[in-house]
Amino acid sequence: MTHLAVIGGSDAGISAALRARELDPTVEVTVVVADAYPNYSICGIPYYFTGEVAPWQSLAHRTHADLEATGMRLRLNTLATGIDVAGQRLIVRDQAGVESMIAYDELVVGTGALPSHAGIAGLDQLGPEDGVHVIHSMGDTFALDRHLTERNPTSAIIIGAGYVGLEMAEAFAARGMRVTQLQRGPEVLSTLDPELAGLVRTELEDHGVDVHTGTLVAGVEKTPTGLVVTGTRNGQSVTHTADLVLAVVGVRPNTSLLEAAGARLGAGRAVVVDEQMRTGLPHVFAAGDGIITHHRLLGTTYLPLGTTSHKQGRVAGENAIGGTARFAGSVGTQVVKVFDLVAARTGLRDQDAAAAGYTPVTVQSAADDHKRYYPGAQPITFRITGDTTTGRLLGAQLVGRLGTETAKRVDTFATALHAGLTIAEVSDLDLSYTPPLGSPWDAVQAATQAWTRSVPALIGAPA
C-alpha cells in the first residue's frame, strides 16, 4: 500500500492530499501541518477584520473533521525539519519538541512562502507584543486580533500597498482607525500601470486613507510615544508615528527544507520543478508558493498565487500516486476589492511584454458595464496590451466600481490568453447580453476593438 506524505496544510498541500485520496482511496496520506489550522483561507483574513466574516472558524475551507473524513491523517503542530531522500523518510518535530520519522513512498512539499522584511531595519526584532504585525497565518491573525481588542489602537501604518495591504487598509478604516499607507513605488498596486493604479489611490484617499507613494521605508522603531517608521521620500527624510504597524511588503519562497535536501533553486530563489511538479529528487514533488511558476507567456518565473497553488497541488497529488498530469501554466490573473472599487489584471503589461521579446502596444479605453439606458450603468476602464506583429492578446488591466462584474470580465481575458487568441478574435466570442448586465458588444469586446482601431496598420508590419 502506497504511503504519501505531504508537508503543508495550506492550498497546495491539502489539494495534493485530496486529489490523491480522490483518485485512489487505498492510498495512505499523512499531512504534516506546522500549526493547528489546516486548510484555512489566508486570503479571507482581511474580511475577518472588516467584520464581514465571523467567526474566525468560518475561514476554514474544510473543518478538521471534514479533512479526516476523506481518509487523510493530519499531524498538527508538527514541523518538518528534514528530508532523508535516500531513505525516503521525513524528520519531524512535534509541539513538545520530540523528533520522529515518517517513512514515505512519495512526498509532496508545500511549505509555501514567508513574509519578506525587504531590508527594513527593526522588522526582524519587533513583533506583535510591540505592535508590529504581519498577516501570513492564523497565528498572525490571532495576534493582531488581540492587539485590536485589548489595546484599541486608533492609528495604523501599513508598509506596502499591494493586494493584502489595500485590503487591510479597508479593514482598519472600517474600524474607525486612522490609516497611513506607505508605498515604495510611484503608485499603489504596482501590478497595475500607474494610469489605473491612480484610480485605486483616489478610492483609498476618498475613504480617509493617507497614502504616501515613492516612500522607501528604512526602519521601524518602538518608542515611548508609539511606533516610529522612518524612511525617505523624494530624497527627503520622513517620519510617521502610529499605535500599530502592519508590514505587507511581499513574500519569499520557503525553500530551506528542499534546498537542504538537494533541490535546485531558480527564479526568485524558488525551487525548480517541471510541469509535473517533480523536483528532480527521487519520489519528491513540490507545489505552491515555494516553487517556480510555469507562465504561459513568460516561461519560467516566480508568481505566488493561491489559485496557482491549488492547481499545482492537485497535479502533484495526482502524479505522486502514478499519474501523468501537467500544470497547464499561469497567466497571472489577479483581482482585488478596495472599498467600492475593483481592480484586476491578467497576462503581461507593456514593459513585461517588451522584456519577454514581444512587440507590445497598450491602449487605454473605457466602456459601460451595461446598456446606458438601463439605470446604474458605470464605466470600466481598460488597458489592453497586444503584440503588434501578430495581433495576439498579451494582457489586460481593468478598474471598475463594485458591481460592474470587473472580476468576471478579467476572467474572459484570462481565458483568451490561455487559448492564445488574438485581440481581434476576442470580438468573435459569444458573450452573454441583456441590457441590465451587458451590451451586444460586451465591455470586454469594446476594449479590444478600441485597441484594434488604434493600431490596425501595425499588425503584421515588418519588424
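Analyst: Happy to. Helices in this description are DSSP runs of at least four residues, numbered from the N terminus. Please keep in mind that the model is predicted.

Let's start inside one helix. Arg-201 and Glu-205 both belong to helix α6 and sit 4 residues apart, so about one helical turn separates them. Their side chains meet in a salt bridge, with 3.1 Å from N to O. The two partners differ in exposure because buried means under 20% relative accessible area: Arg-201 counts as buried at 17%, while Glu-205 is partly exposed at 37%.

Now for a pair that reaches across the chain. Arg-383 makes a salt bridge with Asp-193, and their closest N and O atoms are 2.8 Å apart. Arg-383 is in strand β24 (residues 379-387), whereas Asp-193 is in the loop between β11 (178-182) and α6 (194-206), so this contact ties together parts that lie 190 residues apart in sequence. Arg-383 is buried, with a relative accessible area of 11%, and Asp-193 is buried too, with 4%.

Next comes Arg-349, which forms a salt bridge with Asp-352 at 3.8 Å between the closest N and O atoms. Arg-349 is buried at 12% relative accessibility, but Asp-352 is partly exposed at 28%. Through shared partners, salt bridges join Asp-193, Glu-195, Arg-349, Asp-352 and Arg-383 into one network.

Notes
Residues numbered from 1 in each chain as written. Predicted model: local features only at pLDDT ≥ 70, side-chain atom pairs only at ≥ 80, totals over all residues. Heavy atoms only, no water. Salt bridge = Lys/Arg side-chain N within 4 Å of Asp/Glu carboxyl O. Helix = DSSP H or I, 4+ residues; strand = E, 2+ residues; numbered from the N terminus. Buried < 20%, exposed > 50% of the residue type's maximum accessible area, 1.4 Å probe, protein only.
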